Amino acid sequence: MDLSSRRIADAGHGRWAIRAGRVFDGLRAVPGAGVVLVEDGRVAGIEAAGFEPPEGWEVLDRGSGTVLPGLIDTHVHLVGDAGNGALDRLPELSGDDLSRTIEESLRLHLAAGVTTVRDLGDRDWSVVERRDRGLPGLPSVLAAGPPITSRGGHCWNMGGEAEGEEGLREAVRERARRGADVVKIMASGGIMTPGTSVEASQFTRAELAVAVEEAHAAGLPVTAHAHAVGAIRDAVAVGADGIEHCSFLTADGMRVAEDVLAALIAADVAVCPTLGRAGLAVAPELLARILKNDIGYENRCALFTRWHGLGVTIVSGTDGGINPSKPHGLLPASLVDLASAGMAPADALATATSAAADACGLAGRKGRILPGHDADLLVVAGDPLTDPAALLRPDTVFLAGRPAG
């Protein structure tokens with residue numbers, strides 16, 4: 001029985017039986033499964049294709065489609081509108097402007113099948129505060145607040161500048177007081193901030209160690225923006241939980257340090273390569289960097305696919321919002337790109353479901369279709385395990401057991 005959109009919207013948090021051609025549980029296709037049961041906002045069970053739900057359950061029949069966990073984008077900037085100079089314009093925006101941008105960004109993610117995002121850099125604590133006021137009908141938000149950066153460092157205009165070991169301790173403590181879910185630290189410079197160097201570290205190893213120690217004492221994970229080889233090496237050495245970008249840049253170009261790669265694997269550090277692009281023209285300064293370091297997009301996809309095969313934990317995040325090539329809602333396309341580069345489709349899906357949930361501290365709640373997990377679900381037309389482009393055809397999204405939209 002195929003329900004009308006009005007009936008879907010009216011059903012609320014009741015009991016649902018979602019029927020489709022297959023169920024991907026966050027790790028694999030469940031053999032013989034074809035029905036996911038949802039009750040009171042949580043997954044109640046997975047049943048065989050021929051299962052008939054009891055009387056009174058709403059049925060959503062999607063034929064040859066696929067039910068999978070709602071996607072998790074582990075690296076977004078909800079305050080960015082993906083326009084030219086999106087981050088540079090942040091100081092000019094009012095609180096109401098920021099709030100509107102955050103909500104519109106979340107709507108774009110939801111339309112693409114993303115049910116949870118991890119925001120790794122806002123301004124004036126706008127995402128943290130908007131999260132705390134509630135976001136009904138929108139994806140769940142984990143928030144870092146303003147990223148910790150050096151004086152005049154990468155993304156300094158978000159308000160997270162800190163200096164010296166004591167300054168870093170206080171910066172982490174402030175994030176704990178304000179209820180941040182994760183600490184984001186700019187271990188190297190960034191391409192988007194003039195005057196910083198992506199090839200150089202912004203903090204000493206001792207300073208990074210202080211930040212990680214303080215964060216872990218407060219129960220917070222740390223993820224480090226790190227393009228430079230030295231910044232990656234230092235962040236892994238002091239116990240950072242994640243590395244964003246992980247570009248291995250040096251003054252002579254991209255040079256993968258095998259000892260650092262081995263350390264990433266040994267410590268099970270979550271690496272987010274921030275893949276995904278909208279096919280738009282690349283900014284001149286970024287194009288120059290790409291040509292210098294031979295880090296073209298296809299090369300990056302192939303590189304991280306190879307690292308995955310070696311045992312590096314890869315999670316997917318898009319850097320959504322920072323410029324026109326990084327619009328919100330880009331995550332499904334980035335997964336298609338990983339599969340095109342040779343990653344098994346199930347593994348590519350896991351980078352945005354089960355592995356992403358683990359990296360975000362959400363294991364046991366999200367990223368899997370298992371009894372008791374949040375019923376954040378995505379139904380797509382077709383089979384993404386044989387045709388990854390099916391991810392670009394979202395049909396229905398469930399948030400906490402409620403069909404969205």
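What volume does the largest cavity have? I found about 60 Å³.

I worked on a predicted model, where local features need pLDDT of at least 70, side-chain atom pairs count only at pLDDT 80 or more, and totals for chains, interfaces and linings use all residues. Residues are numbered from 1 along each chain as its sequence is written, and side-chain values use heavy atoms, with hydrogens and water left out.

**Cavities.** I took a cavity as a set of points, on a 1 Å grid over the protein atoms alone, where a 1.4 Å probe fits but cannot get out; lining residues have an atom within 4 Å of a point. Volume is the space filled by probe spheres set on the points, joined across faces, edges and corners. I counted 2 cavities of 30 Å³ or more. The largest is lined by 13 residues, with Pro69, Gly70, Lys366, Gly367 and Asp376 closest to its centre.

**Strand S16.** I then looked up S16, residues 377-380; strands are DSSP runs of E, at least two residues, numbered from the N terminus. Leu377 and Val379 on one face and Leu378 and Val380 on the other are all buried (under 20% relative accessible area, 1.4 Å probe, protein chains only). S16 pairs antiparallel with S6 (residues 66-69) over 4 bridges; pairing needs at least two DSSP bridges. Threonine 66 has valine 380 as its bridge partner. S17 (residues 394-399) also runs antiparallel to S16, joined by 4 bridges. There, phenylalanine 398 stands opposite leucine 377.

Technical notes:
Buried means under 20% relative accessible area, exposed over 50%, partly exposed in between (1.4 Å probe, protein chains only). On a 1 Å grid over the protein atoms alone, a cavity is a set of points where a 1.4 Å probe fits but cannot get out, and a pocket is an open set with protein on both sides within 12 Å along at least five of seven lines; lining residues have an atom within 4 Å of a point.
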